[in-house]
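Visitor: I have a model open and would like to learn how to read its features one at a time. Where do we begin?

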Amino acid sequence: MGMTRKASGIYAFLEELRTSSQDYQAIVALAGNPNTGKSTVFNGLTGLNQHTGNWPGKTVVLAKGFYRHQGKQLALVDLPGTYSLLAQSVEEQVARDFICFGEPDAVVVVTDATCLERNLNLALQIMEITSQVIMCLNLLDEAKRKQIQIDREKLQTLLGIPVIPTIARNQDGLDDLKTAINRMVFGGESAHPRTVRYDHDLEAALTELVAELEASFQTRVNPRWLALRLLDSDYPLVKKIISYLNHNRRHTLKSTPQGVKL
Ligand SMILES: Nc1nc2c(ncn2[C@@H]2O[C@H](COP(=O)(O)OP(=O)(O)OP(=O)(O)O)[C@@H](O)[C@H]2O)c(=O)[nH]1
Ligand SMILES: [Mg+2]
């Protein structure tokens, strides 16, 4: 992916990661609601091989680390806890920007098995952006204590993404998580996340816009999600999307999506 001449935000962060002394073959993001055990998973995976720093230009602290599994070296980024990616807070913006424009090779969404329903909101939003998603179903010991049983197989089938049960505090399941990540990133095993469908008029507009985006840009971000956000008219985000798309331009646009100034 190209870099802006004067890198800022996500591009500055990626530049910093790229030029760090550590080699890596893939970038994995850890996302999730606050307090679901993301940092515990992060620490379990990276051990002491980690650094924290500020997100360039914002006062959000972000940890990045590295680990090795089955001969592969991976970089892991511990994103701020968020309930949504329809970003209002700075934390939400940072998490969203990383997932959308950082093009991580996989996103692990860490969920709290004791209140899965609330956590699914963010999981579904991430699944709209990328098909490279794995769910880490954490705090299973707490769920068990509260006599909550989760049918993992069914959840996996319904969502269309791998679901890995963990008790991160005891390191339980973290090896399985690492293997699932490698399978997705290096084994070419893509997930097929369930698609959220909207009403007829919106779907019709989306079909048109998605075709245009696909013809003009090569992106790892789902064009359907980009089209949805362009239709949202969230102007600061639209500006970021345009800048991102300009990095991924296939050829000069003959026409622009309606209402969007390039
Ligand atoms: N019982 C139990 N506790 C856990 C588990 N995983 C994490 N915890 C605990 O849950 C608390 C929150 O964990 P963190 O890793 O800080 O959660 P986080 O998602 O990084 O939180 P934020 O960064 O604030 O969003 C800590 O006290 C952990 O020790 C687990 O599987 N079982
Ligand atoms: Mg944390």
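Visitor: Is E103 buried or exposed in this model?

Guide: The model is predicted. Buried means under 20% relative accessible area. E103 has 18% relative accessibility, so E103 counts as buried. The residue sits in the loop that runs between α3 (90-101) and β5 (106-112).

Visitor: What is the phi of E103?

Guide: The general idea is that most residues other than glycine have a negative phi. In E103 the phi is near 45 degrees, a positive value in a residue other than glycine.

Visitor: What is the corresponding picture for Q171?

Guide: Phi of Q171 is near 65 degrees, again positive in a residue other than glycine. Q171 is in the loop between β7 (163-165) and α7 (174-185). With a relative accessible area of 48%, Q171 is partly exposed.

Visitor: Let us turn to the ligand. Which residues come nearest to ligand 1?

Guide: There are 15 residues around ligand 1, and G37, K38, S39, T40 and D141 come nearest. By class, the shell has four nonpolar, seven polar and four charged residues.

Visitor: Which atoms of S39, L139 and R169 lie by ligand 1, and at what distances?

Guide: For S39, a backbone N or O atom lies 2.9 Å from an oxygen atom of ligand 1. For L139, a backbone N or O atom is 3.4 Å from an oxygen atom of the ligand. For R169, a polar side-chain atom is 3.3 Å from a nitrogen atom of ligand 1. On its own, ligand 1 has 660 Å² of accessible area, and the protein covers 72% of that.

Visitor: Next, charged pairs. How many salt bridges are there?

Guide: Side chains of opposite charge can pair when their charged atoms come close. In this structure the count comes to eight salt bridges. One of them joins the side chains of R145 and E142, with an N to O distance of 2.9 Å.

Visitor: Why are R145 and E142 separated by about one helical turn?

Guide: Because R145 and E142 are three residues apart in helix α5, about one helical turn separates them. R145 is exposed, with a relative accessible area of 61%. E142, at 22% relative accessibility, counts as partly exposed.

Visitor: How do R152 and E153 meet?

Guide: Their side chains meet in a salt bridge with an N to O distance of 3.0 Å. R152 is partly exposed, at a relative accessible area of 27%. E153 is partly exposed too, at 48% relative accessibility. As for networks, salt bridges that share partners join R96, D97 and K240 into one.

Visitor: Are R96 and D97 buried or exposed?

Guide: Both R96 and D97 are buried. Their side chains meet in a salt bridge at 3.2 Å, N to O.

Visitor: What about cysteines: how many disulfides does a search of the whole structure find?

Guide: A disulfide is a covalent bond between the sulfur atoms of two cysteines. Here, a search of the whole structure finds zero disulfides. As for accessibility, C100 is buried, at 0% relative accessibility, whereas C115 is partly exposed, with a relative accessible area of 21%.

Visitor: Where is Y67 found?

Guide: Y67 is in strand β3 (residues 61-69). At 4% relative accessibility, Y67 counts as buried. The C-alpha atoms of Y67 and G47 are separated by 8.0 Å, and the two residues are 20 apart along the chain.

Visitor: Last, what joins the side chains of Q73 and R68?

Guide: A polar contact of 3.3 Å joins them. Q73 lies in strand β4 (residues 72-78). Its relative accessibility is 13%, so Q73 counts as buried.

How values were computed. Residues numbered from 1 in each chain as written. Chains lettered and ligands numbered in written order. Predicted model: local features only at pLDDT ≥ 70, side-chain atom pairs only at ≥ 80, totals over all residues. Heavy atoms only, no water. Near = heavy atom within 4 Å. Polar contact = N/O pair within 3.5 Å; in protein donor to acceptor, adjacent residues only side chain to side chain. Areas by Shrake-Rupley, 256 points an atom, 1.4 Å probe, with all protein chains shown as cover. Nonpolar A, V, L, I, M, F, W, Y, C, P; charged D, E, K, R; others polar. Disulfide = S-S within 2.5 Å. Buried < 20%, exposed > 50% of the residue type's maximum accessible area, 1.4 Å probe, protein only. Salt bridge = Lys/Arg side-chain N within 4 Å of Asp/Glu carboxyl O. Helix = DSSP H or I, 4+ residues; strand = E, 2+ residues; numbered from the N terminus.
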